[in-house]
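Subject: Structure handover

Dear colleague,

Please find the structure below. My notes on what was found in it follow.

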Amino acid sequence: MPFRPDTFFIAVVVSLYRNGSAGSRRAILTFVCFLVIFFESNNKQKQEVISVSSYTSGTHDFDKWLSNINDICGPFLASPLGGRFSGSVEKVGGSLNMSKVSIQGADLYRTPKEIQKSGIPDFFCVFQIRGRSLVEQVGNRSSLVAGDIVLVDSALPFRFSFQESSQQISLILPRQIVERILNLSKVELGVKISADSHIARFASKLVIEASLHENLDLEEGAAILDSLATLIKPSVLKSVRSNDPYDKVFRAASEFVKDNIGEPGLNAPMVASNIGVSVRSLYRAFSGDSITLSEYVKTQRLEMCVDYIKAHNGKLNLTEVVYKYGFGSPSYFSTAFKGRYGMTPSDFKKCCAAS
């Protein structure tokens with residue numbers, strides 16, 4: 001059987017991450033770097049040919065393309081920019097929640113209405129494969145060219161604009177991975193990782209290779225997601241205030257909250273006392289990130305509840321979930337859950353059981 005570098009690349013990623021140790025994570029980055037350099041040196045003359053089955057200009061074609069986007073990627077709106085339109089979308093990457101989208105002459109975006117419909121708010125890690133596009137989120141605006149990467153939060157409005165023929169791979173990064181590896185409140189949204197950087201080259205190689213494999217199972221997909229989050233971490237956290245004395249307080253507090261999330265009395269005095277700071281310093285650490293401690297605790301509880309319900313495929317008693325993660329009552333849990341995710345815990349439980 002001939003040697004397949006792409007298959008070997010994916011196999012290395014998965015086998016190293018199955019170990020789960022810190023050493024394996026360091027090793028995987030070394031292998032990623034080596035293999036990217038190896039592939040590039042052996043394929044300098046090779047040009048990638050992308051076959052795209054497109055819808056062309058016309059209202060029917062545009063509506064059909066948008067319908068396919070909604071089926072594969074979740075709720076979106078789109079508007080034509082004038083001139084020639086073309087577009088296609090396809091699911092790729094096996095168990096990974098990944099799609100390849102080709103667009104020309106359209107804006108693709110989410111408003112609060114689409115966000116409300118979308119259920120669990122994860123992150124889109126978007127890889128520009130060819131052409132150009134513009135992305136906007138939380139006041140940040142980036143022009144993407146081939147090789148650039150950008151992270152956007154599906155819980156907040158954003159917009160992509162495609163004047164010219166463009167292709168992207170969009171990979172959903174689950175929120176719990178972003179929180180665990182990247183620290184949710186510190187992530188830069190709508191700010192590109194430049195194609196010129198080593199990080200972009202390594203991460204793009206990993207994702208493009210993964211997109212070619214339709215037989216990736218859940219364990220392999222999870223290893224790739226962890227690898228990707230680890231790779232892009234230095235870039236998406238680039239502007240974190242490293243000299244801010246309250247940053248250390250925030251990190252210590254967030255770790256304490258996660259470790260003690262089931263405590264119903266998890267409040268500012270408890271957290272401050274256990275990490276050795278004043279309540280005032282604790283409040284200032286969280287205000288610098290435009291969030292209160294109580295909001296942070298509620299967000300953590302809700303996200304852990306979602307993960308727990310999903311892990312059990314909806315086959316559990318919701319009262320167990322309520323008290324396991326520190327909610328005072330089922331009614332408060334239900335109100336908080338619906339306010340964040342746009343559906344009741346019971347409805348979410350049914351969705352998990354059905355899927």
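Is C352 buried or exposed? C352 is buried, at a relative accessible area of 10%. Buried here means under 20% relative accessible area, exposed means over 50%, and partly exposed lies in between, with a 1.4 Å probe and protein chains only.

Two points on how to read the rest. This is a predicted model, in which local features need pLDDT of at least 70 and side-chain atom pairs count only at pLDDT 80 or more, while totals for chains, interfaces and linings use all residues. Residues are numbered from 1 along each chain as its sequence is written, and side-chain values use heavy atoms, with hydrogens and water left out.

Cysteines

The structure has zero disulfides, a disulfide being a pair of cysteine sulfur atoms within 2.5 Å. For C351, the closest cysteine sulfur is that of C352, and because the distance is 6.9 Å, it is too far for a bond. C352 is likewise in no disulfide. C351 counts as partly exposed, at 43% relative accessibility.

Helices (H or I, at least four residues) and strands (E, at least two) are DSSP runs, numbered from the N terminus. Two strands pair if DSSP finds at least two bridges between them.

Strand β10 (residues 166-173) pairs with β5 in the antiparallel sense over seven bridges. In that pairing, F127 has I169 of β10 as its bridge partner, and R130 stands opposite Q167 in β10. Strand β3 (residues 98-104) is also antiparallel to β10, joined by six bridges, with M98 opposite L171.

Eight of the eight residues of β10 are buried, so β10 is largely enclosed by the rest of the structure. Both of its faces are covered: S166, Q168, S170 and I172 lie on one side, and Q167, I169, L171 and L173 on the other.

β5 (residues 123-130) is largely enclosed too, because seven of its eight residues are buried.

The five-stranded sheet

An open sheet is made of five strands in the order β1-β4-β9-β6-β7, with antiparallel pairing. β1 (77-80) and β7 (140-144) stand at the edges with a single partner strand each, so one side of each has no neighbour in the sheet. Ignoring direction, neighbouring strands of this sheet are turned by 15 degrees against each other on average; the axes are lines fitted to C-alpha atoms, for helices over the stretch in contact, and angles run from 0 to 180 degrees between N-to-C directions.

Within this order, β6 (residues 133-137) and β9 (residues 158-162) run antiparallel and are joined by four bridges. S161 in β9 is the bridge partner of L134.

Helices

Helix α5 (residues 175-182) has six of its eight residues buried, so α5 is largely enclosed by the rest of the structure. The buried residues are R175, I177, V178, E179, I181 and L182.

Helix α6 (residues 198-211) has 14 residues and reaches 20 Å from its first C-alpha to its last, close to the 20 Å expected at 1.5 Å a residue. The expected span is 1.5 Å times one less than the number of residues. α6 is mostly covered, with 10 of its 14 residues buried; among them are I199, F202, L206 and E209.

Aromatic rings

The whole structure holds 16 aromatic pairs. Rings of Phe, Tyr and Trp (its six-membered ring) pair if their centres lie within 6.5 Å; planes under 30 degrees apart count as stacked, over 60 as edge-to-face and the rest as tilted. One of the pairs is Y308 with Y325, edge-to-face at 5.7 Å centre to centre and 70 degrees between the planes. Y308 is in helix α11 (residues 293-311) and Y325 in the loop between α12 (318-324) and α13 (330-341); the two are 17 residues apart, and the pair links distant parts of the chain. Both Y308 and Y325 are buried.

F76, F124, F158, F160 and F162 are linked into a cluster by ring pairs. R110 lies over the face of F76, 4.6 Å from the ring centre. R159 lies over the face of Y109, 4.0 Å from the ring centre. The criterion is NZ of Lys or CZ of Arg within 6 Å of the ring centre and within 35 degrees of the ring normal.

Regards
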